[in-house]
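Visitor: I am new to this structure. Could you walk me through it, one question at a time?

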Amino acid sequence: MQSFPLFLTLQDRHVLVVGGTEAAARKAELLLSAGAKVTLIADTVVGEIAQLIADGHISWAGRRFDDADLDGMSLVIVAAEDEALQARVSHAAQQRCVPVNVVDRPKLSSFIMPAIVDRAPITIAISTGGAAPALARRLRAEIERAMPAAIGRMARFAEIFREQVRRTLAEPRARRRFWDRVFAGRIGEMALAGDEIGARRELIRLLDSTRNEAEPAVGMVHLVGAGPGDPDLLTMKAHRLLQRADVVVYDRLVAPEILAMARRDAERVHVGKRSGHHAMLQAEINQRLVSLARAGKSVVRLKGGDPFVFGRGGEEVEALMQAGIAVEVVPGVTAALGCAASAGIPLTHRDHAHACVFVTGHLKDGEVALDWPMLARPRQTVVIYMGAETLPSIADQLIEHGLPAATPIALIANGTTNREQRVVGTLATIERQAVRAGLRGPTLCIVGEVVSLALARDPEFRFVSGIGL
């Protein structure tokens, strides 16, 4: 996050606008709508800004800017075209720790004016940190189209009952569930349609019934697949559960961008594991899930990829069921599918691969214990999870059991993310190439003739984050 977003109360506060341009008029109107007392400094004024002065909405000092003009100001906006003046006001304001925005000059600004969707009392602000204001405006337009014009009614309606609900339902989780039911159900629809009397009647009825409901003695655990890394590949159901969870128990492979989708006040428990290093043993993870559920919590067990593909999800489901805990599994896009799609490698192909096999490259008792004769069969694709550390042994075994040394193999690290790296070679050369590339992060291996199809279509497939082969 490049800038920290916040909403500033300007009601009856003094703010300064420097410049008499049309841009100054637009900024002044926004400030006035927030209840600010606007003072304008400009030699001359034209158009809309002149009308605001004539109507008595803003105070105008028809002269040049002086540093003393900043005294008592809560905010400064510079909408003048004089670059020297822009720099001078910016410097003076920041010396006094007064927030300043210079229109279209983010480097001179201590804050950014966002694109705004106003559905009072609901306000949505969109910013690109000054990088692409036009994109922020486009996003605002899309949100404007998607959000009902009367959505503010629902917020004002909820405000009427907020204190009463807080007194009636002391437990925060109970209040959250109550408001979820209000906004997602008939009461919210009635408030949105303007039937406030009917909505009040139904809300009071729901509040009375909720008051008498017992808190669930035992919660529920949702095993949720976080996908291979790209937040856009998260399922809608996974996102919904993250928004409702009391606790998120997550692995090392879960992308920070996905973890950030959880409810802000949800407890986060890291149980990250990597080869040979465990923040928490699997048995301890199982027990932690049981304990959290028995405390009545709604738990999301967030796992990279898919919970049931080399994610030990089956063990966790068994432990929860034996403890009498309700459990749900929400599938995710497993790394093999995500990485292959990102790299343009078809895992099956009518002319090259009639089968696809997923295996793990983890060591067991010091060796990779796999069914090598089966994996070395022709006309199939072999996908090896967690095989980067054992790559030399894997390549040797596949060659020893019959695959040609020239069989194509691809390594994909941090697949589907903006940190993705790819190396392509053959079983005979891949070890040397991997060392040169210096891959970091979770790495998937894809072995088979289908790798050559992606290479034939895209010569840049060999490119590896500027490292080369």
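Visitor: At what angle do helix α1 and helix α2 pack?
Guide: This is a predicted model. Helix α1 covers residues 22-33, and helix α2 covers residues 47-54. Their axes lie 7 Å apart, and the packing angle is about 45°.

Visitor: Is α1 parallel, antiparallel, perpendicular or oblique to α2?
Guide: Roughly parallel would need an angle under 35 degrees, and roughly perpendicular starts at 65. The angle here is about 45°. That makes the relation of α1 to α2 oblique.

Visitor: Which residues in α2 meet those in α1?
Guide: From α1 come E22, A24, A25, A28, E29 and L32. By class, the contact of α1 with α2 has 6 nonpolar, 1 polar and 3 charged residues. The residues on the α2 side are G47, E48, I49 and L52.

Visitor: How many residues lie between β6 and β7?
Guide: Strand β6 spans residues 115-119, and strand β7 spans residues 122-126. They run antiparallel, joined by 5 bridges. They form a hairpin, and the number of residues between them is 2.

Visitor: Which residue in β7 stands opposite I116?
Guide: Start from the pairing: β6 and β7 run antiparallel. Opposite I116, the residue in β7 is A125.

Visitor: How are α5 and α6 oriented to each other, parallel or antiparallel?
Guide: Helix α5 is residues 151-168, and helix α6 is residues 172-184. Their axes come within 12 Å and cross at roughly 150°. An angle over 145 degrees passes the cut-off. That makes the two helices α5 and α6 roughly antiparallel.

Visitor: Which residues of α6 make the contact with α5?
Guide: The crossing of α5 and α6 is right-handed. On the α5 side, the contact uses M154, A158, F161, R162, V165 and R166. By class, the contact has 7 nonpolar, no polar and 3 charged residues. The α6 side supplies R175, F178, W179 and F183.

Visitor: Which residues do ring pairs link into a cluster?
Guide: The whole structure holds 5 aromatic pairs. Ring pairs build a cluster from F178, W179 and F183.

Visitor: How far apart are the axes of α6 and helix α8?
Guide: Helix α8 is residues 196-211. α6 and α8 pack at about 150°, and α6 and α8 are therefore roughly antiparallel. α6 passes α8 in a right-handed crossing. The distance between their axes is 11 Å.

Visitor: Which residues in α8 meet those in α6?
Guide: F178, W179, R181 and V182 come from α6. The contact of α6 with α8 divides into 6 nonpolar, 1 polar and 1 charged. The α8 residues are L203, L206, L207 and T210.

Visitor: Which residue in β14 stands opposite H222?
Guide: Strand β8 (residues 220-225) and β14 run parallel, joined by 5 bridges. Opposite H222 stands E328.

Visitor: Which residue in β18 is the bridge partner of I409?
Guide: Strand β17 (residues 408-413) and β18 run antiparallel, with 6 bridges joining them. In β18, the partner of I409 is G425.

Notes:
Residues are numbered from 1 along each chain as its sequence is written. This is a predicted model: local features need pLDDT of at least 70, side-chain atom pairs count only at pLDDT 80 or more; totals for chains, interfaces and linings use all residues. Side-chain values use heavy atoms; hydrogens and water are left out. Axes are lines fitted to C-alpha atoms, for helices over the stretch in contact, and angles run from 0 to 180 degrees between N-to-C directions. Helices (H or I, at least four residues) and strands (E, at least two) are DSSP runs, numbered from the N terminus. Angles under 35 degrees count as roughly parallel, over 145 as roughly antiparallel, 65 to 115 as roughly perpendicular and the rest as oblique. A crossing is left-handed if the near helix is turned anticlockwise from the far one by less than a right angle, and right-handed if clockwise. Contact means heavy atoms within 4.5 Å. Ala, Val, Leu, Ile, Met, Phe, Trp, Tyr, Cys and Pro count as nonpolar, Asp, Glu, Lys and Arg as charged, and the others, Gly among them, as polar. Rings of Phe, Tyr and Trp (its six-membered ring) pair if their centres lie within 6.5 Å; planes under 30 degrees apart count as stacked, over 60 as edge-to-face and the rest as tilted. Two strands pair if DSSP finds at least two bridges between them.
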